[in-house]
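I opened the file to go through strands, helices and ion pairs in turn. My notes follow in the order I looked things up.

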Amino acid sequence: MRSTEPPHDWATVEVAVPRRPGRLPGVTMAGFRQRVPASADITMVAHPSVTLFVDLSDGDGLVYDSHSHGWRERGSTAVGLAPGGLRLGGLASGGIECLQIRLSPVLAVALLGGSADLSGTVVSLTDLWGRDAGRAEERLRAAASWDERFTIAEDALGRRMSARPSLDPEVAAAWGMMLTSRGRVRVDSLANELGWSRKRLWSRFRAQIGLTPKHAARLVRFDHAAHLLAAGDPAARVAAASGYADQAHLHREVKAFTGVTPTAVAAAPWLAIDDVAWPASLAGPAPSTSPIHQVPAK
């Protein structure tokens, strides 16, 4: 995420992440709470994951707007791959608070019944999970610590995995090769490695992941470049290290995925749960055992 407003006073924001790896590979979580009445106006930046936001705020809660697609959702939501032009906003009298859960697209198929329907969209979590979404939200609101919230969320995800369809092994392998190569892999090479035709890989990958193989590889490569930019590397060096033809190519890709320039990405700490992009000088992840309604030690 990238804030479009002046930098927050991070002393008022609690950021919590699990201290131990979870039992579900492909899941990362973070808790966010701004402990004073506040409004939010945040641009969502494309990420190679399906993201769930469980809105735990008081007051009006969080609102998601897409200027490019013309739709709006409120409250707890699931954000598909490459949503495009998405902004998160809201006003909460008691502080803005949410649980962010990032799912590998491979895992999202098992948890959400297929991510293809979510690609480029935002969907209410209630529409996906029905009453289970409300029950999980109630339990998360009642939890006494972020550690307890992470456990509740993991349990809820684990229950939804039973009897769910899975990806073709070849599609999962293709996604894994994209991650390993940081998006620098050709579709023909993937097809040859898997023993599939290019047409079959394109069709099956698009149906199960929600993006074409080429678009997915671009997204993974962009994510790697964004990490380097956020870590302070010069754009010319990032372009070379990420496999772009030149700095102008990098600029076009960053603009396509974020709507802003590489310079703006580099200056904004939007990857708040990432230890590379989150500036240690501003704030570090709060101990996840901290009681939710206490200020964590800095």
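**Salt bridges, then helix and strand**

I started with Asp 188, which is partly exposed at a relative accessible area of 35%. I note here that the model is predicted. The side chain of Asp 188 meets that of Arg 198 in a salt bridge, 2.8 Å from N to O. The two belong to distant parts of the chain, Arg 198 to helix α7 and Asp 188 to helix α6, 10 residues apart. Arg 198 also counts as partly exposed, with a relative accessibility of 41%.

I then counted the salt bridges and got 11. One of them joins the side chains of Glu 97 and Arg 149, 2.6 Å from N to O. Glu 97 sits in strand β10 and Arg 149 in helix α4 (residues 146-160), so this pair ties together parts 52 residues apart in sequence. I checked burial for both partners: Glu 97 is buried with a relative accessible area of 5%, and Arg 149 is buried at 3%.

Next I took the pair Arg 204 and Asp 168, whose side chains form a salt bridge of 2.8 Å, N to O. It links distant parts of the chain, since Arg 204 is in helix α7 and Asp 168 is in the loop between α4 and α5, 36 residues apart. Arg 204 is partly exposed at 29% relative accessibility, while Asp 168 is buried at a relative accessible area of 17%. I also logged a network of salt bridges that links Arg 23, Glu 154 and Asp 155.

**Helix α5**

I moved on to helix α5, residues 169-180. Its 12 residues reach 16 Å from the first C-alpha to the last, close to the 16 Å expected at 1.5 Å a residue. Which residues of α5 are buried? I found Val 171, Ala 174, Trp 175 and Met 178. Seen down the axis of α5, these buried residues fall within an arc of 95°, so they line one face of the helix. Pro 169 and Thr 180, on the other side of α5, are exposed. I looked up what covers the buried residues of α5, and the cover includes α1, α6 (187-194), α7 (198-209) and α8 (213-230).

Just after α5, I came to Arg 182. It has a positive phi of about 55° although it is not a glycine. Arg 182 lies in the loop between α5 and α6 and is partly exposed, with a relative accessible area of 49%.

**Strand β10**

I went back to β10, residues 97-103, where 7 of its 7 residues are buried. In a regular strand, side chains alternate between the two faces of the sheet. On one side of β10 I listed Glu 97, Leu 99, Ile 101 and Leu 103, and on the other Cys 98, Gln 100 and Arg 102; both faces are covered.

I then checked pairing. Strand β3 (residues 27-34) runs antiparallel to β10, joined by 7 bridges; Met 29 has Ile 101 of β10 as its bridge partner. Strand β5 (residues 50-55) pairs with β10 in the antiparallel sense over 6 bridges, and Asp 55 stands opposite Cys 98.

**Two single residues**

I looked at Glu 253 in helix α10 (residues 247-258). Is Glu 253 buried or exposed? It counts as buried, at 9% relative accessibility. Leaving out residues up to four places away in sequence, Glu 253 touches Arg 218 and Tyr 244.

Last, I placed Val 109 in helix α1 (residues 105-112). Val 109 is buried, with a relative accessible area of 6%.

Note on methods
Residues numbered from 1 in each chain as written. Predicted model: local features only at pLDDT ≥ 70, side-chain atom pairs only at ≥ 80, totals over all residues. Heavy atoms only, no water. Helix = DSSP H or I, 4+ residues; strand = E, 2+ residues; numbered from the N terminus. Buried < 20%, exposed > 50% of the residue type's maximum accessible area, 1.4 Å probe, protein only. Expected span 1.5 Å × (residues − 1). Arc of directions from axis to C-beta. Contact = heavy atoms within 4.5 Å. Pairing = 2+ DSSP bridges. Salt bridge = Lys/Arg side-chain N within 4 Å of Asp/Glu carboxyl O.
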